[in-house]
Amino acid sequence: MANKTKVGLAYFPFEVNFFKDIKLRKLIKYQGCKATPIYTLLLCNIYENGYYLRWDNELPFMISETTGYEEAFIKEVFTCCLKVDLFNEKMFNENKIITSKGIQERYRLICKQVKRKVNISEYNLIDSEEMTNNTERMPIDSEEMLQSKVKEIKEKENKGNLYKENFFYIGTEIYKTAISKFILQSHVQFLEVWQMQNREASVSEILAKMDKECVGTCFSDDNHIQNMFKLTAKNLIKEKYFENKNNGKSTNKTADTISNAHTILERRGIDPNKFIQQTNNG
């Protein structure tokens with residue numbers, strides 16, 4: 001008699017940016033913090049079963065017994081999970097099945113990690129194209145996998161395979177694109193405001209510098225990216241300033257450039273001499 005293929009999981013990764021998920025934030029806003037353990041217990045039941053769970057009228061009682069919350073509240077939280085798309089509402093209404101595309105993608109990835117045969121045939125929410133191809137935005141479920149991917153890319157570069165593909169991380173997700181392209185698409189308003197307030201360096205110069213320096217960088221969130229943009233701009237302005245200062249040329253153009261740099265610093269309330277001294281010290 002052949003052994004039955006194991007379907008359920010003994011564990012599933014709990015990502016550090018779990019509470020940054022906009023869907024979970026909506027759930028907590030609408031139902032309060034007590035909704036979190038209910039949702040987490042549902043995930044545990046789903047992964048223990050595989051990648052989906054069939055609704056059972058006893059399920060609210062089982063969760064109530066574990067959490068101590070009223071069954072009516074648990075049903076209310078579950079309904080909210082459907083509304084904010086933590087679980088696929090259409091799948092539940094048509095089949096009484098609790099699952100989501102994200103759950104199925106994580107299940108597939110975990111099975112690949114443990115070298116288990118993946119078979120998502122029933123109630124499949126993953127497009128057939130996505131089952132065979134990597135998307136531009138590929139989820140990473142553990143720090144170990146993230147580090148492994150970075151190591152793989154660096155090894156290919158060192159071997160001279162010219163693996164030139166730009167990539168960076170936000171949290172545990174990898175973006176296989178240039179950071180400049182991402183910023184131009186997702187931070188338009190930030191760039192417009194910054195350029196109006198700053199004339200010392202152009203946006204294109206800063207983004208070009210970030211493309212060179214930020215390959216493989218792991219950003220915590222969008223604010224981290226904007227702070228890196230500001231830091232890159234500051235460093236670029238310093239480089240321009242000292243390049244002109246150390247050029248040793250006595251042309252009027254160079255003198256005017258240095259004079260303008262001094263003026264810009266003074267307008268910002270920065271002592272040029274102290275600025276030079278701090279830069280040299282650090």
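So, to start: is aspartate 85 buried or exposed, or something in between? Aspartate 85 comes out as partly exposed, because its relative accessible area is 40%. For the cut-offs, buried means under 20% relative accessible area, exposed means over 50%, and partly exposed is in between, with a 1.4 Å probe and protein chains only.

A quick word on what we're looking at. This is a predicted model, where local features need pLDDT of at least 70 and side-chain atom pairs count only at pLDDT 80 or more, while totals for chains, interfaces and linings use all residues. Residues are numbered from 1 along each chain as its sequence is written, and side-chain values use heavy atoms, with hydrogens and water left out.

Okay, salt bridges. The rule is a side-chain nitrogen of Lys or Arg within 4 Å of a carboxyl oxygen of Asp or Glu, and the count comes to five. One of them brings us back to aspartate 85: its partner is lysine 23, with the closest N and O atoms 3.4 Å apart. That pair links distant parts of the chain, 62 residues apart, with lysine 23 in helix α1 (residues 22-31) and aspartate 85 in the loop between α4 (71-83) and α5 (89-95). Helices here are DSSP runs of H or I, at least four residues, and strands are runs of E, at least two, numbered from the N terminus. Lysine 23 counts as partly exposed too, because its relative accessibility is 30%.

Now over to lysine 209. This one is buried, because its relative accessible area is 12%. Its side chain meets glutamate 213 in a salt bridge, 2.8 Å from N to O. Both sit in helix α11 (residues 203-213), four residues apart, so about one turn of the helix. Glutamate 213 is partly exposed at 47%.

And lysine 209 has another partner. Glutamate 239 also meets lysine 209 in a salt bridge, again at 2.8 Å, N to O. Here the pair links distant parts of the chain: glutamate 239 is in helix α12 (residues 222-245), lysine 209 is in helix α11, and they are 30 residues apart. Glutamate 239 is partly exposed at 41%.

Last stop, the surface. Asp56, Glu58, Glu70 and Glu71 form a negative patch. Patch residues have over 30% relative accessible area and no salt bridge, with like charges joined within 9 Å and nonpolar side chains within 5 Å. Glutamate 58 sits in the loop between β1 (53-54) and α3 (59-67), and counts as partly exposed at 47%.

How values were computed:
Accessible areas come from the Shrake-Rupley method with a 1.4 Å probe; for residues, only the protein chains shown count as cover. Lys and Arg count as positive and Asp and Glu as negative; His and the chain ends are not counted. The place of a charge is taken as NZ of Lys, CZ of Arg, CG of Asp or CD of Glu.
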